[in-house]
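Student: Could we go through this structure together and ask what lies behind each label?
Tutor: Gladly, let's take the terms in turn.

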Amino acid sequence: QLQFVESGGGLVQPGGSLRLSCAASGFTLDTYAIGWFRQVPGKEREGVSCISASGTYTNYADSVQGRFTISRDNSQNTVYLQMNSLKPEDTAVYFCAADVITTVQEMCVRAPSIYGSWGQGTQVTVSS
(Lines give C-alpha, C1' and ligand atoms only; values in the text may rest on other atoms or scores of the structure.)
Protein backbone atom coordinates (compact mmCIF):
# COMPACT_ATOMS: atom_id res chain seq x y z
CA GLN A 1 0.00 0.00 0.00
CA LEU A 2 1.31 3.39 -1.00
CA GLN A 3 1.86 5.67 1.97
CA PHE A 4 3.52 9.04 2.29
CA VAL A 5 4.69 11.01 5.27
CA GLU A 6 5.38 14.70 4.82
CA SER A 7 7.68 16.65 7.12
CA GLY A 8 9.68 19.85 7.28
CA GLY A 9 6.92 22.39 7.68
CA GLY A 10 6.91 25.12 10.29
CA LEU A 11 6.77 28.83 10.96
CA VAL A 12 9.12 31.01 8.94
CA GLN A 13 9.44 34.73 8.31
CA PRO A 14 8.81 36.19 4.87
CA GLY A 15 11.87 35.72 2.72
CA GLY A 16 12.89 32.61 4.59
CA SER A 17 13.30 29.04 3.42
CA LEU A 18 12.01 25.59 4.25
CA ARG A 19 12.69 22.15 2.85
CA LEU A 20 9.79 19.73 2.83
CA SER A 21 10.31 15.98 2.64
CA CYS A 22 7.92 13.35 1.35
CA ALA A 23 8.94 9.87 2.46
CA ALA A 24 7.30 6.87 0.85
CA SER A 25 6.72 3.55 2.53
CA GLY A 26 5.25 0.27 1.41
CA PHE A 27 6.46 0.68 -2.16
CA THR A 28 9.29 2.10 -4.22
CA LEU A 29 8.37 5.39 -5.74
CA ASP A 30 10.77 5.32 -8.69
CA THR A 31 7.98 4.38 -11.12
CA TYR A 32 5.65 7.19 -10.04
CA ALA A 33 5.45 10.84 -10.82
CA ILE A 34 5.15 12.68 -7.51
CA GLY A 35 3.37 15.93 -6.86
CA TRP A 36 3.37 18.53 -4.13
CA PHE A 37 0.10 20.27 -3.41
CA ARG A 38 -1.14 22.83 -0.94
CA GLN A 39 -4.46 23.77 0.51
CA VAL A 40 -5.86 26.52 2.68
CA PRO A 41 -9.25 26.32 4.39
CA GLY A 42 -12.10 27.10 2.06
CA LYS A 43 -10.05 26.74 -1.11
CA GLU A 44 -9.39 23.92 -3.52
CA ARG A 45 -6.19 21.95 -3.36
CA GLU A 46 -3.58 23.55 -5.60
CA GLY A 47 -0.89 21.73 -7.54
CA VAL A 48 2.40 23.37 -6.58
CA SER A 49 4.93 21.20 -8.37
CA CYS A 50 5.49 17.75 -9.77
CA ILE A 51 8.42 15.62 -10.85
CA SER A 52 8.34 12.82 -13.37
CA ALA A 53 9.13 9.23 -12.45
CA SER A 54 12.42 9.55 -14.30
CA GLY A 55 13.25 12.74 -12.44
CA THR A 56 14.12 14.52 -15.68
CA TYR A 57 10.96 16.63 -15.96
CA THR A 58 9.56 19.07 -13.44
CA ASN A 59 6.64 21.44 -13.50
CA TYR A 60 5.76 24.38 -11.28
CA ALA A 61 2.81 26.63 -10.65
CA ASP A 62 3.42 30.18 -11.83
CA SER A 63 3.10 31.41 -8.26
CA VAL A 64 6.17 29.42 -7.13
CA GLN A 65 8.26 29.31 -10.31
CA GLY A 66 11.81 30.42 -9.56
CA ARG A 67 11.37 30.10 -5.80
CA PHE A 68 10.58 26.41 -5.26
CA THR A 69 12.58 23.41 -6.42
CA ILE A 70 11.34 19.83 -6.46
CA SER A 71 13.76 16.91 -6.43
CA ARG A 72 13.75 13.21 -5.75
CA ASP A 73 16.18 10.71 -4.28
CA ASN A 74 14.94 7.29 -5.23
CA SER A 75 17.64 5.62 -3.16
CA GLN A 76 16.05 7.25 -0.12
CA ASN A 77 12.51 6.78 -1.45
CA THR A 78 11.96 10.47 -0.81
CA VAL A 79 10.88 13.56 -2.72
CA TYR A 80 11.81 17.05 -1.57
CA LEU A 81 10.44 20.54 -2.06
CA GLN A 82 12.95 23.31 -1.41
CA MET A 83 11.06 26.53 -0.81
CA ASN A 84 12.96 29.82 -0.90
CA SER A 85 11.87 33.46 -0.72
CA LEU A 86 8.71 32.42 1.06
CA LYS A 87 5.74 34.77 1.06
CA PRO A 88 2.72 34.98 3.39
CA GLU A 89 0.56 33.68 0.55
CA ASP A 90 2.54 30.43 0.62
CA THR A 91 0.94 29.65 3.97
CA ALA A 92 -0.96 26.37 3.62
CA VAL A 93 -0.94 22.68 4.44
CA TYR A 94 1.38 20.97 1.99
CA PHE A 95 0.73 17.44 0.76
CA CYS A 96 2.52 15.00 -1.48
CA ALA A 97 0.97 12.24 -3.54
CA ALA A 98 1.69 9.81 -6.35
CA ASP A 99 0.30 9.91 -9.86
CA VAL A 100 -1.69 6.68 -9.86
CA ILE A 101 -3.33 7.18 -13.25
CA THR A 102 -0.74 7.89 -15.94
CA THR A 103 2.20 5.69 -16.85
CA VAL A 104 4.34 8.18 -18.76
CA GLN A 105 7.78 8.20 -17.19
CA GLU A 106 9.10 11.39 -18.72
CA MET A 107 6.53 13.98 -17.72
CA CYS A 108 4.06 14.94 -15.01
CA VAL A 109 1.03 17.14 -14.54
CA ARG A 110 -0.15 18.97 -11.45
CA ALA A 111 -3.82 18.02 -11.62
CA PRO A 112 -4.85 16.73 -8.19
CA SER A 113 -7.46 14.40 -9.68
CA ILE A 114 -4.87 11.93 -10.98
CA TYR A 115 -3.02 11.66 -7.70
CA GLY A 116 -3.64 9.27 -4.86
CA SER A 117 -2.28 7.94 -1.59
CA TRP A 118 -2.27 11.37 -0.03
CA GLY A 119 -0.23 11.96 3.09
CA GLN A 120 -1.45 13.82 6.16
CA GLY A 121 0.27 17.02 5.17
CA THR A 122 2.63 19.42 6.86
CA GLN A 123 1.72 22.97 7.87
CA VAL A 124 3.74 25.84 6.45
CA THR A 125 3.14 29.27 7.96
CA VAL A 126 4.90 32.34 6.61
CA SER A 127 4.47 35.25 8.95
CA SER A 128 6.46 37.97 10.65
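Predicted model: local features only at pLDDT ≥ 70, side-chain atom pairs only at ≥ 80, totals over all residues.

Tutor: Residues are numbered from 1 along each chain as its sequence is written, and side-chain values use heavy atoms, with hydrogens and water left out.

Student: Why does Ala-53 count as buried?
Tutor: Buried means under 20% relative accessible area, exposed over 50%, and partly exposed in between (1.4 Å probe, protein chains only). Ala-53 has 3% relative accessibility, so it counts as buried. This residue sits in the loop between strand 5 and strand 6 (58-60), strands being DSSP runs of E with at least two residues, numbered from the N terminus.

Student: What does Ala-53 touch, not counting residues up to four places away in sequence?
Tutor: Its partners are Asp-30, Thr-31, Tyr-32, Ala-33, Arg-72, Asn-74 and Gln-105, where contact means heavy atoms within 4.5 Å. The C-alpha atoms of Ala-53 and Ala-33 are 4.3 Å apart, although 20 residues separate the two along the chain.

Student: What makes the pair of Phe-4 and Phe-27 edge-to-face?
Tutor: Rings of Phe, Tyr and Trp (its six-membered ring) pair if their centres lie within 6.5 Å; planes under 30 degrees apart count as stacked, over 60 as edge-to-face and the rest as tilted. The centres of Phe-4 and Phe-27 are 5.5 Å apart and the planes stand at 85 degrees, so the pair is edge-to-face. Phe-4 belongs to strand 1 (residues 3-7) and Phe-27 to the loop between strand 3 and strand 4, so the pair ties together parts 23 residues apart in sequence.

Student: And why is the pair of Phe-27 and Tyr-32 called edge-to-face?
Tutor: Here the centres are 5.5 Å apart and the planes are at 90 degrees, so the pair is again edge-to-face. Phe-27 is buried, at 13% relative accessible area, whereas Tyr-32, at 21%, counts as partly exposed.

Student: Which residues touch the most other members of the largest nonpolar core?
Tutor: A nonpolar core is a set of buried Ala, Val, Leu, Ile, Met, Phe, Trp, Tyr and Cys residues joined through side-chain atoms within 4.5 Å. Of its 27 residues, those are Phe-4, Trp-36, Phe-68, Val-79, Leu-81, Met-83 and Tyr-94. Another core, of seven residues, lies apart from it and includes Ala-97 and Ile-114.

Definitions and conventions: Helix = DSSP H or I, 4+ residues; strand = E, 2+ residues; numbered from the N terminus.
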